[in-house]
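Student: Hi! I'm new to this one, could you walk me through it?
Tutor: Happy to, let's look at it together.

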Amino acid sequence: MSEMKKIKNLKEFSTSADRFEGANLLCPGCAHSIIVREVLNATNDDLVLAASTGCLEVCTAVYPYTSWDASWIHIGFENGSTAVAGAEAMYKALKTKGRLKQPDRNPKFVAFGGDGASYDIGFQWISGCMERNHDMMYVVLDNEVYANTGGQRSSSTPIGSSATTTPAGSISYGETRNKKDMMGIMAAHNIPYAAQVAPNKWKDMVKKIQKGFATEGAVFINAVSPCTTEWKFDPKDTMHLTDLATDSLVFPLYEVIDGHELNITYRPKEKDIVPVEEYLAAQGRFRHLFKDQYKYLIKEWQERVDANWAYLNRREEARV
Amino acid sequence: MANTGWDEFEIGAMLRTFEGEAGNIAGTLQEDRKYTENSSFSASVADWRIEKPIFAKDYCIDCQFCWIYCPDISIISRDKKMIGIDMDHCKGCGICVEVCPTNPKSLLMFPELADEETEIAQWPAKEKKEK
């Protein structure tokens, strides 16, 4: 076991040498690269990375350029997770046979995927990796839409969101189905560690990532990634939107250990909790909800978020 | 290399980011690395910008919020100090200005053609808090 990188405060963290490069083609203000940087900088060990097809993949590997300073592979839309799981299985086999060329190095295996690649297309593959308990980490960059192909709805898209395949208008209020509870599903695989993170709470995030790297076995991370293009807000407000998502409890930050031990890691004070209405109002994709005919949806949103928060609190208390 | 057409791809291409042995990259700062022309570090997205951030060092408290929240690795921090902006990779999103906690802000957005020295000379004064 290699030594964990010590990150006490942001100043100390800022001495990290980034292994993700600029001049990638992600939109200005994209949260994807903020998340990727926080993940990669959490360790000094070697990395074996994969990405499923999605914004992150198409923007960081535009031939003849690559933005990755570590070994990185892209195969298909669904199999970012299995590519890394295969590499991990090979590493383990060579290690048992004593055939590793640099046995003192402890590479970390990380796969990245968008919500489309994880919630929908690569779902079966990820489930397989989690079930086989490979020593790897899967990070979802959850922007709640297929942003790369023009904003089609995915199973992560929440109710009332206007996506290009569920457009809002006089008859429809947009997406009608609720967001899939991916964290619940992954935790139900009884994996050693699953956590929900947000890039604005960098300390919480880095702590969880390091915990994930230290864990032997499969780790699932769900990271909220506000999309300036599809959520329709100004690029400079990315961090503001992430703040709203975590403080309105639309995106609560918690971890699940061994499938049952749930800990809430960020609990905003009573007075700091933002009404969900404010979170919805900040985004163009929910603009139609503020018309009189759809206003009841905002109330439903608030009730849903409150119910989910109460559920998480009860689970934390009950330890089941 | 940069002008390779869409039908001239090398199938199963492997791009090498560094010349020769990579060594310990996590312990090597960007200026000490030997990038190849395949690394996007050698490319530039400066022409994406409409507005650019200008950094007034005098007000900076080195909190590093801009460093952690910059999506384009364009805030250069060395030895726990913020020392400048990488103008080749900055896309001008303005997140660094939004997260800057000082009063007045030590980073502000200006039109791409603004002159850095002139703008720093007429930097806005401290804002008084409304009571």
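Tutor: One term before we start: buried area is the accessible area (1.4 Å probe) that two parts lose on being put together, summed over both. This is a predicted model, where local features need pLDDT of at least 70 and side-chain atom pairs count only at pLDDT 80 or more, while totals for chains, interfaces and linings use all residues. Residues are numbered from 1 along each chain as its sequence is written, chains are lettered from A and ligands numbered from 1 in the order in which they are written, and side-chain values use heavy atoms, with hydrogens and water left out.

Student: Okay, how much area do chain B and chain A bury between them?
Tutor: About 3,900 Å², and 62% of it is on carbon and sulfur atoms. On the chain B side, W67(B), Y69(B) and I73(B) supply 17% of the area buried against chain A, more than any other three residues.

Student: And how many residues does each chain bring to the contact?
Tutor: Chain B brings 48 residues and chain A brings 42 residues, with contact meaning heavy atoms within 4.5 Å.

Student: How many salt bridges cross the interface?
Tutor: The rule finds two between chain B and chain A. A salt bridge here is a side-chain nitrogen of Lys or Arg within 4 Å of a carboxyl oxygen of Asp or Glu. E21(A) and R33(B) form a salt bridge through their side chains, at 3.2 Å from N to O.

Student: Which elements of chain B give two or more residues to the side that touches chain A?
Tutor: Those are α1 (65-69) and α2 (95-99) of chain B. α1(B) gives the most, with four residues. Helices (H or I, at least four residues) and strands (E, at least two) are DSSP runs, numbered from the N terminus.

Student: Switching to chain A: why is α9(A) described as largely enclosed?
Tutor: Eight of the ten residues of this helix (residues 238-247) are buried, so the rest of the structure largely encloses it. Buried means under 20% relative accessible area, exposed over 50%, partly exposed in between (1.4 Å probe, protein chains only).

Student: What do the buried residues of α9(A) pack against?
Tutor: They pack against α2 (31-40), β6 (219-224) and α10 of chain A, together with α1 and α2 of chain B. After α9(A) comes L249(A), with a positive phi near 65°.

Student: What about α11(A), how far does that helix reach?
Tutor: α11(A) has 24 residues (295-318) and reaches 35 Å from its first C-alpha to its last, close to the 34 Å expected at 1.5 Å a residue. The expected span is 1.5 Å times one less than the number of residues. Its buried residues include W301(A), V305(A) and W309(A). Among what covers the buried residues of α11(A) are β7 (254-257) and β8 (261-264) of chain A.

Student: Back to chain B: is T17(B) buried or exposed?
Tutor: T17(B) counts as buried, at 9% relative accessibility. T17(B) sits in the segment before β1 (51-55) of chain B. A polar atom of the T17(B) side chain lies 3.0 Å from the backbone oxygen of W68(A). Leaving aside neighbours within four places in sequence, the contacts of T17(B) include T66(A), D69(A) and K34(B).

Student: Last one: where does A50(A) lie?
Tutor: A50(A) is in strand β1 (residues 47-51) of chain A, and at 1% relative accessibility A50(A) counts as buried. Beyond neighbours within four places in sequence, A50(A) is in contact with residues including W72(A), I73(A) and F112(A).

Definitions and conventions
A polar contact is a pair of N or O atoms within 3.5 Å; within protein, one must be able to donate a hydrogen and the other to accept it, and residues adjacent in sequence count only if both atoms are side-chain atoms.
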